[in-house]
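These are my notebook entries on one protein, written as I looked things up one after another. I began with the overall make-up and then turned to single residues.

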Amino acid sequence: VHDFDVCVFLPGNHNFVGNVLAYNCGTFGIALGNFAKCVECRVHDVRRSEPPNGVGIVLGLGCLLESSIVETSDDGALVGQDCKVWDLVVDVVGGKGLTVGAGTTVARTVISHYHDGPGLDYTFCGGLVGAAGALTAKGCQDSSNSVTLSTGGGISILDAPNAVGFGPSLVTTDCATNGLANGIGGGTKYVGSVGGCAIGP
């Protein structure tokens, strides 16, 4: 599927897309609703001439993104809360590699080459801050990923409440992830998170 503004668009729930090639798309390569499954898809050249960026693969809540590739696009992939991302490759994207919602696990994913970053964005892996300032914790799981250095940092973690009402990120890691935290070599990865560990330069 190629040369459409949105190449594959299934906004309903419980849809499945597999073994699809989408390219030369404008806004989205593949865009699915909640509880969707996207397996063994390849998306490339998703670009917009003006903001916001085009995104290779977009999935809603409770999704599964597995064994897929996004390359030469504005942004790589965006998934909602409570998803599983497994064996994703994002290569040569202009902006973010992968952005995930709270409660999501990311494993065996490779994000490489030239992105402005962050490569792997866990900004929303905290909980919503209530009126009384209480934090509803809903962290993410990071396991065995590889994220190359970029001008925007390899891995982005938000350690304080942000403007949209999300609290500190809570990311549990098995310490197998490569890359640099917020563009800083060495020190502690995932400062303020559960299971933080040291990495080399």
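Before placing any residue in a strand, I noted that a strand here is a DSSP run of E with at least two residues, numbered from the N terminus. I also kept in mind that this is a predicted model.

**Entry 1: the whole protein.** I looked up the secondary structure and found zero helices and 20 strands in the protein. The protein has 201 residues, of which 47% count as buried, and its accessible surface comes to about 8700 Å², with 58% of that belonging to carbon and sulfur atoms. I then turned to contacts between residues at least 6 apart in sequence, and 40% of these join residues at least 24 apart.

**Entry 2: the core.** Which residues touch the most other members of the largest nonpolar core? I found that this core holds 33 residues, and that Ile 30, Ile 57, Leu 59 and Leu 65 touch the most other members. Several strands give two or more residues to the core, among them strand 1 (6-10), strand 4 (28-32), strand 7 (55-59) and strand 16 (120-124). As a general note, I wrote that nonpolar side chains in soluble globular proteins tend to be buried together.

**Entry 3: Val 46.** I found Val 46 in strand 6. Is Val 46 buried or exposed? Its relative accessible area is 0%, and because buried means under 20%, I count Val 46 as buried. Beyond residues up to four places away in sequence, Val 46 touches Cys 25, Phe 28, Val 55 and Thr 72, to give part of the list, which also includes Gly 29 and Asp 74. I also looked up a pair of C-alpha atoms, and those of Val 46 and Tyr 23 are separated by 6.5 Å, although these residues are 23 residues apart along the chain.

Entry 4: Asp 45 is partly exposed, with a relative accessible area of 26%. Asn 24, which is found in strand 3, has a positive phi of about 55° although it is not a glycine. I noted Asn 24 as partly exposed too, since its relative accessible area is 36%. Then I checked a peptide bond: a cis bond joins Pro 51 and Pro 52, with omega about -5°, and Pro 52 has its place in the loop between strand 6 and strand 7.

**Entry 5: Ser 68.** Where does Ser 68 lie? I found Ser 68 in the loop between strand 8 (64-66) and strand 9 (69-71). This serine is buried because its relative accessible area is 1%, and its side chain reaches the backbone oxygen of Glu 66 at 3.0 Å. Apart from neighbours within four places in sequence, Ser 68 is in contact with residues including Cys 38, Cys 41, Ile 57 and Leu 88.

**Entry 6: rings.** How many aromatic pairs are there? The count comes to zero aromatic pairs. I did find a charge over a ring, however, for Lys 84 lies over the face of Trp 86, at 4.7 Å from the ring centre.

Terms used: Residues numbered from 1 in each chain as written. Predicted model: local features only at pLDDT ≥ 70, side-chain atom pairs only at ≥ 80, totals over all residues. Heavy atoms only, no water. Helix = DSSP H or I, 4+ residues; strand = E, 2+ residues; numbered from the N terminus. Buried < 20%, exposed > 50% of the residue type's maximum accessible area, 1.4 Å probe, protein only. Polar contact = N/O pair within 3.5 Å; in protein donor to acceptor, adjacent residues only side chain to side chain. Contact = heavy atoms within 4.5 Å. Phe/Tyr/Trp six-rings, centres within 6.5 Å; stacked < 30°, edge-to-face > 60°. Lys NZ or Arg CZ within 6 Å of the ring centre and 35° of its normal. Areas by Shrake-Rupley, 256 points an atom, 1.4 Å probe, with all protein chains shown as cover. Core = buried A, V, L, I, M, F, W, Y, C linked by side-chain atoms within 4.5 Å.
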